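Work through the exercises below with the model open. Each task is followed by a stepwise solution.

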Amino acid sequence: MVREWDPRTASSAEIASLLDTLNAVLAADLPQDPPWRANSLREYLSEVMPGERRISWAAEGDPAADGTPGPMLGHVNVLLLGGMGVLEVLVHPELRRTGLGRELVRVAARRVWDEGFQSIGVEVVGDTPAVAFYEALGFTKEYVETRSVLDLGAMEWPALAEMATEVGAGYHVEFCPGGPPDDLIEAYARAKAEVRDVDDGELRPSSYDPQRLRESLDTLHRRGMKPYIVLALHEQTGEVAGLTEVVVPAQHPTRADQYDTIVVRDHRGYGIDRAIKARMLLELRSAEPELAEVQTWNAQANEAMLKVNAELGYRPDRDWCEYSVDVAELVHRLDNQR
Ligand SMILES: CC(C)(COP(=O)(O)OP(=O)(O)OC[C@H]1O[C@@H](n2cnc3c(N)ncnc32)[C@H](O)[C@@H]1OP(=O)(O)O)[C@@H](O)C(=O)NCCC(=O)NCCS
């Protein structure tokens with residue numbers, strides 16, 4: 001029932017069936033989240049950064065009497081990067097608690113083990129069945145962030161326009177749809193490198209050197225995810241003093257993802273954080289007329305960032321956790337449970 005599946009060569013019907021299952025999962029587990037669309041879904045599932053590999057499997061229902069392949073009722077993929085595999089598993093709500101999730105993890109974990117990787121990580125959404133599932137499989141919680149959602153429909157735009165101008169003298173704020181301009185890539189990468197440990201979770205790696213950054217932007221575009229950036233430039237030195245990144249995915253263009261926001265240490269205390277985030281929202285309002293919400297993830301300890309987000313109107317939504325497990329232990333446990 002479970003077979004290796006390549007989204008690059010899969011039929012459109014298979015991609016559509018996976019989309020149906022994904023949307024059934026979202027409706028059951030995260031009913032406030034917008035359903036996904038088919039736009040660039042194949043590319044989203046296929047494209048990876050250079051040096052990374054994603055391997056996928058499908059669990060299909062029985063074929064129809066006329067031979068039409070059965071629906072994709074479960075799916076697993078694992079992204080191999082660095083020394084770890086990052087796992088994503090989906091089981092259609094109507095088939096849950098039948099052991100399919102465990103079987104999908106078993107197949108993927110066995111491959112991760114065969115490929116010589118040591119650990120498996122997974123993002124687990126708080127207050128969903130995935131928490132009990134991964135804990136039952138022996139995963140342990142490594143890190144917790146809070147996801148917050150901003151409703152653009154409730155935004156006070158004149159107040160936001162005011163905020164966007166409240167930046168100290170000597171800084172110039174610039175909007176860069178598509179990514180930073182090429183002549184600023186190095187300064188941009190330097191700014192990201194300086195605060196690399198501030199707000200990143202391990203499963204959402206950032207890119208800190210110019211080449212990696214170009215590759216990362218290119219990968220986003222190939223996956224149908226459009227990056228927007230607002231920069232604060234320090235006029236005297238030409239350095240990037242602050243940056244904020246939002247991505248609008250073709251798969252759910254009504255809800256954008258806020259990625260990194262960084263203000264370089266020497267430039268803190270000049271209102272840059274608020275101003276660049278406010279400017280971003282104002283620009284997105286005209287660049288992406290379909291956009292209704294923006295979601296962001298923050299470490300619970302990052303009080304300064306949480307305060308600015310609250311001022312902008314972000315409301316905490318739920319915990320977003322990273323779990324991990326040693327692959328050898330997991331393979332052993334799942335083989336014994338068969
Ligand atoms: C997590 C998920 C994969 C589990 O799939 P599943 O097929 O129901 O899991 P299994 O039947 O293999 O369960 C294995 C074990 O996990 C534990 N478990 C799974 N779901 C559970 C639940 N709702 N409550 C308590 N324990 C649970 C149990 O110990 C279970 O063993 P048991 O049924 O013998 O008691 C499934 O719920 C799912 O697809 N969730 C969405 C995951 C996701 O990607 N979310 C992101 C978007 S919301």
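**Exercise 1. Place N298 in the fold, then find its polar partner and its contacts.**

Step 1. N298 sits in strand β11.
Step 2. This is a predicted model. Its relative accessible area for N298 is 3%. Buried means under 20%, so N298 is buried.
Step 3. The side chain of N298 makes a polar contact with the side chain of N309, at 3.0 Å.
Step 4. Set aside neighbours within four places in sequence. N298 then contacts E145, T146, M305, L306 and N309.

**Exercise 2. Take the salt bridges E245 with K192 and R279 with E283, and state what each pair spans.**

Step 1. Start with the total: the structure holds 29 salt bridges.
Step 2. In the E245 and K192 bridge, the closest N and O atoms are 2.7 Å apart. E245 belongs to strand β9 (residues 240-249) and K192 to helix α6 (residues 185-194), so this pair ties together parts 53 residues apart in sequence. Both E245 and K192 are buried.
Step 3. For R279 and E283, the closest N and O atoms are 2.8 Å apart. R279 and E283 are separated by about one helical turn, because they are four residues apart in helix α8 (residues 272-287).
Step 4. R279 has 24% relative accessibility, so R279 counts as partly exposed.

**Exercise 3. Is R315 buried or exposed, and which residues does R315 touch?**

Step 1. R315 is in strand β12 (residues 315-326).
Step 2. Exposed means over 50%. R315 reaches 56% relative accessibility, so R315 counts as exposed.
Step 3. Leave out residues up to four places away in sequence. R315 touches R147, S148 and V149.
Step 4. Compare sequence and space. R315 and D151 are 164 residues apart along the chain, and their C-alpha atoms are separated by 8.5 Å.

Technical notes:
Residues numbered from 1 in each chain as written. Predicted model: local features only at pLDDT ≥ 70, side-chain atom pairs only at ≥ 80, totals over all residues. Heavy atoms only, no water. Salt bridge = Lys/Arg side-chain N within 4 Å of Asp/Glu carboxyl O. Helix = DSSP H or I, 4+ residues; strand = E, 2+ residues; numbered from the N terminus. Buried < 20%, exposed > 50% of the residue type's maximum accessible area, 1.4 Å probe, protein only. Contact = heavy atoms within 4.5 Å. Polar contact = N/O pair within 3.5 Å; in protein donor to acceptor, adjacent residues only side chain to side chain.
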